[in-house]
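I opened my notebook beside this structure and looked things up a few at a time. Here are the entries, in the order I made them.

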Amino acid sequence: MKDKSQPPIDLSEHAWEIKVRPLTIDDFDDLVAMQLRCFPGMKPWARDQIESQLSRFPQGQLCVEVDGKLAASSSSLIIKHDPSLEWHNWQVIADGGYVRNHDPKGDTLYGIEIMVDPEFRGMKLARRLYEARKEICRQRNLARIIIGGRIPGYGKHADQYSAREYVEAVSEKAIYDPVLTAQLANGFALQGLIPDYFPSDGDSRGFATFLEWRNLDYQPVKKRRYRHAADLIRICVVQYQMRTIGSFDQFAQQCEYFIDVASDYKGDFILFPELFTTQLLSCVEPTRPGLAARQMSEFTPQYLDLFAELAVKYNVNVIAGSHFVVEEGTLYNIAYLFGRDGSIGKQYKLHITPSEKKWWGVTPGNKVEVFDTDCGKVAIQICYDIEFPETTRIAAQKGAQIIFVPFNTDTRHGYLRVRHCAQARCIENHLYVAISGCTGNLPFVENADIHYAQSGIYTPADIEFARDAIAAECNPNVETMIIHDLDVDLLRHHRESGSVQNWNDRRTDFYGVTYTENGQDHRV
């Protein structure tokens with residue numbers, strides 16, 4: 001008898017809600033309270049200053065909201081770049097915080113302030129605000145961002161270093177500064193030092209750095225731009241080594257390591273392998289495979305909390321492999337997509353291999369999901385699913401441009417089935433496919449004891465793509481991670497004018513893919 005007391009887990013209990021949104025005057029009280037926590041001893045914004053900023057340049061005043069609470073903010077204005085401007089004088093450049101000198105026809109975004117509530121530091125919220133500022137520059141064709149940044153760590157080193165020596169040490173990564181280190185990591189170049197920028201800023205001893213970010217999309221003369229930097233999507237694929245562990249915390253530590261690396265490389269997505277959570281079976285009492293798979297489901301709340309937090313903390317969309325989950329007494333193999341905006345989506349495995357049925361008793365799902373992310377639409381197909389062209393056709397029809405395939409194979413033959421089918425799906429549907437598998441051994445874990453993998457990122461086969469249609473590929477059976485940028489604009493171009501146009505040349509007059517979803521029939 002199936003246990004009906006286990007309904008599907010409510011993912012909203014584990015999800016985070018993170019928004020980068022325009023600041024409003026309704027945020028004023030929370031903004032001032034946050035400013036006092038961020039900069040104790042410094043005079044906070046007055047209401048008329050915020051009202052003036054919002055009335056003159058509302059698009060430049062941004063904030064980050066985490067689960068309904070104000071967590072970070074930034075303010076800025078547009079000016080005309082002039083080397084003779086008093087860049088050292090914050091009061092002049094920012095008009096004392098009133099920004100009445102905001103010039104919509106200018107060419108430079110001047111950043112007045114970014115602050116992150118101490119409660120939410122370590123979640124890379126400043127990166128989200130810097131990226132939002134950069135997007136303002138791209139959309140408005142602005143040449144640069146200029147900021148005067150605090151160096152709050154300097155006060156602790158002022159007896160040992162001059163301000164110049166301190167910022168040089170930070171630039172060389174010999175010293176960590178909570179503001180300057182983040183600014184350099186976000187692409188800003190140090191142009192100089194500004195004394196007496198904020199005389200009341202004791203932590204910085206009144207100094208600030210003069211930093212600049214250049215917009216590579218800037219066009220001095222308005223021209224059509226054929227390519228946009230935002231169309232490049234950075235994919236990180238983990239080839240994960242299975243090993244005996246003693247606790248969930250050890251598993252979490254290994255996962256966080258890879259996500260941290262992906263974040264350091266500014267990855268948009270990181271992909272883990274199918275059922276890499278079977279590693280957890282090495283730290284529980286051995287039992288029959290079917291019972292062991294259901295025992296793994298008990299880790300689901302910890303698994304969901306872990307990856308939901310890491311996706312937000314490191315600002316990376318995480319496809320956390322797949323995991324055994326029991327819902328209403330039925331065992332499923334489910335892949336979760338943890339968005340860096342705090343959202344959680346899931347894809348049930350649709351095709352169950354003979355060994356999964358025999359050893360674990362897994363039940364298939366019945367729907368192809370397509371997830372609308374901040375980098376466009378993507379889909380997940382778990383291992384065996386990629387060997388069925390119909391499911392990828394459905395995903396492509398729904399707009400997916402990248403298919404993520406967590407897989408888990410024990411032999412080279414099994415891996416080759418996944419790899420060759422992944423490459424075929426790229427050609428048939430004009431999309432990218434990334435596959436991630438496990439390597440290593442799990443002694444005493446039945447049906448998960450040996451692994452073979454050579455993870456990779458694949459493209460359509462045509463002139464504009466990589467030779468052999470392999471964008472990037474791991475060495476076989478070595479724990480590692482590959483990182484590669486994918487250009488989705490190339491996919492649109494290829495579908496319209498490639499050497500062959502498989503999608504457009506389908507003979508839908510006499511064949512097609514028919515599927516049922518939510519009680520309705522559909523045809524591709």
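**Entry: Trp213**

Leaving aside its neighbours within four places in sequence, which residues is Trp213 in contact with? I found Lys134, Cys137, Arg138, Ala143, Arg144 and Ile145, and also Asn186, Gly187 and Phe188. I kept in mind that this is a predicted model. Trp213 sits in strand E7, which covers residues 208-214. Its relative accessible area is 9%, so I put Trp213 down as buried. I also checked Trp213 against Val405: they are 192 residues apart in sequence, and their C-alpha atoms are 36 Å apart in space.

**Entry: Gln53**

Next I went to helix H2, residues 47-56, where Gln53 is found. Is Gln53 buried or exposed? Gln53 counts as buried, because its relative accessibility is 1%. Leaving aside neighbours within four places in sequence, I listed the contacts of Gln53 as Trp45, Pro58, Gln61, Ser75, Gly97, Tyr98 and Val99.

**Entry: Ser297**

I then looked at the loop between helix H8 (289-296) and helix H9 (300-313), where Ser297 lies. Ser297 has 11% relative accessibility and therefore counts as buried. Not counting residues up to four places away in sequence, Ser297 touches His323, Phe324, Val325 and Val326.

**Entry: aromatic rings**

How many aromatic pairs does the count come to? I got 28 aromatic pairs. One of them is Phe248 with Phe299, a stacked pair with 6.0 Å centre to centre and 10 degrees between the planes. This pair links distant parts of the chain, as Phe248 is in helix H7 (residues 248-264) and Phe299 is in the loop between H8 and H9, 51 residues apart. Both Phe248 and Phe299 are buried.

Why is the pair of Tyr384 and Phe388 edge-to-face? The ring centres of Tyr384 and Phe388 are 5.0 Å apart and their planes are at 80 degrees, so the pair is edge-to-face; planes over 60 degrees apart fall in that class. Tyr384 has 23% relative accessibility and so counts as partly exposed. Phe388, at 24%, therefore counts as partly exposed too.

I also wrote down one aromatic cluster, with Tyr240, Phe248, Phe251, Tyr257, Phe258, Phe272, Phe276, Phe299, Tyr303, Phe307, Tyr336 and Phe338 as its members.

**Entry: H7 with H9**

For H7 and H9 I noted an angle of about 25 degrees, with the axes 11 Å apart. That makes H7 roughly parallel to H9, because angles under 35 degrees count as roughly parallel. H7 passes H9 in a right-handed crossing. From H7, the contact is made by Phe248, Phe251, Ala252, Cys255, Glu256 and Ile259. From H9, it is made by Gln302, Tyr303, Leu306, Phe307, Leu310 and Lys313. By class, the contact of H7 with H9 has nine nonpolar, one polar and two charged residues.

**Entry: H11 with H12**

At what angle do helix H11 (residues 389-397) and helix H12 (residues 412-429) pack? I noted about 45 degrees, with the axes of H11 and H12 10 Å apart. That makes H11 oblique to H12. The crossing of H11 and H12 is right-handed. On the H11 side I found Pro389, Thr392, Arg393 and Ala396, which meet Arg425, Glu428 and Asn429 of H12. The residues of this contact divide into two nonpolar, two polar and three charged.

**Entry: positive phi**

My last look was at backbone angles. Most residues other than glycine have a negative phi. Arg205 has a positive phi, near 55 degrees, and is a residue other than glycine. Arg205 lies in the loop between strand E6 (189-194) and E7. With a relative accessible area of 46%, Arg205 is partly exposed.

Where is Asp468 placed? Asp468 is in the loop between strand E19 (456-458) and strand E20 (470-473). Phi of Asp468 is also a positive value, near 65 degrees. The relative accessible area of Asp468 is 53%, so I put Asp468 down as exposed.

Conventions: Residues are numbered from 1 along each chain as its sequence is written. This is a predicted model: local features need pLDDT of at least 70, side-chain atom pairs count only at pLDDT 80 or more; totals for chains, interfaces and linings use all residues. Side-chain values use heavy atoms; hydrogens and water are left out. Axes are lines fitted to C-alpha atoms, for helices over the stretch in contact, and angles run from 0 to 180 degrees between N-to-C directions. Helices (H or I, at least four residues) and strands (E, at least two) are DSSP runs, numbered from the N terminus. Angles under 35 degrees count as roughly parallel, over 145 as roughly antiparallel, 65 to 115 as roughly perpendicular and the rest as oblique. A crossing is left-handed if the near helix is turned anticlockwise from the far one by less than a right angle, and right-handed if clockwise. Contact means heavy atoms within 4.5 Å. Ala, Val, Leu, Ile, Met, Phe, Trp, Tyr, Cys and Pro count as nonpolar, Asp, Glu, Lys and Arg as charged, and the others, Gly among them, as polar. Buried means under 20% relative accessible area, exposed over 50%, partly exposed in between (1.4 Å probe, protein chains only). Rings of Phe, Tyr and Trp (its six-membered ring) pair if their centres lie within 6.5 Å; planes under 30 degrees apart count as stacked, over 60 as edge-to-face and the rest as tilted.
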